[in-house]
There are 2 protein chains.
Amino acid sequence: MSEKTRLDAPPRTNRKVEKSESTERPRLKLSQRAIVATAADLFARNGFGATSLDDIGVALGVTKGALYYHVKNKEEILKLVFMTVLTVSEEPLRRIVEAEITPVEKLRRAILHHVAIAADRSPAMTVFYREDVHLTGPFAREIATRKKAYEHLFELIITEGQQINTFKPSLDPKIVAFGILGMCNWLSEWYRSGGTYKPEQIAEMFSGLVESGIEV
Amino acid sequence: MSEKTRLDAPPRTNRKVEKSESTERPRLKLSQRAIVATAADLFARNGFGATSLDDIGVALGVTKGALYYHVKNKEEILKLVFMTVLTVSEEPLRRIVEAEITPVEKLRRAILHHVAIAADRSPAMTVFYREDVHLTGPFAREIATRKKAYEHLFELIITEGQQINTFKPSLDPKIVAFGILGMCNWLSEWYRSGGTYKPEQIAEMFSGLVESGIEV
DNA sequence: GCCAGTTTTGAACGATTGGTCGAATTAGAG
DNA sequence: CTCTAATTCGACCAATCGTTCAAAACTGGC
């Protein structure tokens with residue numbers, strides 16, 4: 001934690017609770033993978049700027065100096081979080097768009113795909129959309145570009161559906177795409193695993209809503 | 001700016017450009033209102049944790065010490081940003097829900113209301129949904145509560161529409177409400193004033209999408 | 001049980017941060 | 001102009017930050 005702004009009455013949360021006799025910490029083997037996963041969690045919960053390398057180290061049961069053996073920078077950790085999201089997102093969606101199925105079916109699968117990621121990889125997804133401000137230089141531009149490309153794939157599905165007259169031609173594909181993406185991305189604000197619905201069920205409801213609307 | 005993490009090649013953006021001969025700065029009269037507005041802008045662009053009080057001072061043409069005459073804390077600034085959002089959001093939506101109009105019309109107006117805020121107050125809205133992590137104590141809880149209440153109002157509209165058989169009874173109002181809110185809130189990620197559409201047009205497209213769907 | 005390579009420590013660094021405060025400045029009323 | 005209160009300055013503080021690095025600790029193969 002180590003919040004930047006501390007109030008008068010410092011709400012210090014007790015860290016390092018487990019200090020039993022011999023076995024000190026869980027101490028899963030340190031690796032770049034573990035660092036990124038833990039960091040994603042902390043970044044999502046406390047924000048990138050308010051998460052110190054100390055925090056990440058403590059969460060892993062390790063000194064912050066040790067992190068630098070596996071990772072170049074704090075920013076590199078953030079970059080790796082972004083990369084994991086893109087890695088699991090881009091390819092599958094591309095395959096859906098290129099598949100030989102109806103636009104309706106494409107849209108359905110695309111929504112399921114996106115909802116599933118937003119739900120299952122919730123921390124990384126949250127970071128992906130909240131902390132892009134902290135990326136700098138060429139990488140920031142690359143992320144922005146690939147994000148746009150991803151959104152464009154949704155747009156393509158809409159456009160295709162309009163061309164074969166399955167989707168209303170009056171709607172602007174870009175706006176519709178943004179609407180759908182917003183609907184799905186917002187999951188990371190309210191979805192908690194173990195809730196009433198599983199990601200597939202939510203995806204189905206979203207699909208139904210987008211396809212035929214809410215009116216009876 | 002003053003990023004916490006600096007890369008090897010520091011991409012320093014030139015601040016303090018305007019340094020003409022006599023008239024030094026725009027120097028609008030300093031006030032709590034001005035501080036909050038400027039801070040909202042900076043928080044939205046660079047994040048709360050990465051925005052220093054120095055940054056806010058510079059943006060206002062003032063030393064950071066001066067800020068403390070109008071404001072107690074850095075966190076109080078953040079609190080005030082949150083309050084401005086709630087101030088313009090809650091009351092109008094409540095009036096819409098309580099109005100004597102059809103649920104369809106309520107939903108239409110609610111979407112317009114929400115889209116307009118997300119578009120017009122973009123920076124504050126961005127902060128509202130990105131930086132809630134940095135709130136602590138009772139205020140954090142209050143914001144969470146009022147946020148939930150706001151969402152619940154959307155839910156109410158859906159439920160009402162289902163009861164008079166205008167909306168499909170099969171849909172879960174909560175999920176639909178979250179979907180609509182996500183669609184609208186996502187505006188702050190892509191909407192830029194002066195773009196192709198005005199907020200009212202976007203709201204209309206969203207309404208049409210939600211009401212009758214995308215299929216022809 | 002020794003050795004080389006890998007991994008972690010722990011202390012230190014320079015920079016920046018949010019916050020404080022008395023002195024200096026400004027503004028307005030009389 | 002004068003006096004007072006409101007406002008701002010500018011220097012300062014303690015804490016925390018990301019980062020570095022030599023030394024220590026651990027590791028597996030021989």
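This is a predicted model: local features need pLDDT of at least 70, side-chain atom pairs count only at pLDDT 80 or more; totals for chains, interfaces and linings use all residues.
Student: How are residues and chains numbered, and which pLDDT do local features need?
Tutor: Residues are numbered from 1 along each chain as its sequence is written, and chains are lettered from A, with ligands numbered from 1, in the order in which they are written. Side-chain values use heavy atoms, without hydrogens and water, while totals for chains, interfaces and linings use all residues, side-chain atom pairs count only at pLDDT 80 or more, and local features need pLDDT of at least 70.

Student: How many residues does the contact take from chain A and from chain B?
Tutor: Contact means heavy atoms within 4.5 Å. By that rule the contact takes 52 residues from chain B and, from chain A, 50 residues.

Student: Which three residues supply more of the area that chain A buries against chain B than any other three?
Tutor: Buried area is the accessible area (1.4 Å probe) that two parts lose on being put together, summed over both. Between chain A and chain B it is about 5,100 Å², with 64% from carbon and sulfur atoms. Of the area that chain A buries, 15% comes from Ile175(A), Trp186(A) and Ile214(A).

Student: Which side chains meet in a salt bridge with N to O at 3.4 Å?
Tutor: A salt bridge is a side-chain nitrogen of Lys or Arg within 4 Å of a carboxyl oxygen of Asp or Glu. The count between chain A and chain B is two salt bridges. One with N to O at 3.4 Å joins Arg130(A) and Asp132(B).

Student: Which helix gives the most to the side of chain A that touches chain B?
Tutor: Helices are DSSP runs (H or I, at least four residues), numbered from the N terminus. Those of chain A that each supply at least two residues to this side include α1 (32-46), α4 (74-98), α6 (122-130) and α8 (173-185). With seven residues, the one that gives the most is α8(A).

Student: Are α1(A) and α4(A) roughly parallel or roughly perpendicular?
Tutor: Axes are lines fitted to C-alpha atoms over the stretch in contact, and angles run from 0 to 180 degrees between N-to-C directions. The two helices pack at about 90 degrees, with axes 9 Å apart. Angles of 65 to 115 degrees count as roughly perpendicular, under 35 as roughly parallel, over 145 as roughly antiparallel and the rest as oblique. Therefore α1(A) and α4(A) are roughly perpendicular.

Student: How many nonpolar residues are in the contact of α1(A) with α4(A)?
Tutor: Ala, Val, Leu, Ile, Met, Phe, Trp, Tyr, Cys and Pro count as nonpolar, Asp, Glu, Lys and Arg as charged, and the others, Gly among them, as polar. The contact includes Ile35(A) and Phe43(A) of α1(A) and Leu78(A) and Val81(A) of α4(A). It has one charged residue, two polar and, as nonpolar, nine.

Student: How many residues apart in sequence are the parts that Glu90(A) and Arg146(A) tie together?
Tutor: The side chains of Glu90(A) and Arg146(A) meet in a salt bridge of 2.7 Å, N to O. Glu90(A) lies in helix α4 of chain A and Arg146(A) in helix α7 (residues 137-163) of chain A, so the parts tied together are apart in sequence by 56 residues.

Student: At roughly what angle do the axes of α5(A) and α6(A) cross?
Tutor: Helix α5 (residues 103-120) of chain A meets α6(A) through residues including His114(A) and Tyr129(A). The axes come within 5 Å and cross at roughly 100 degrees.
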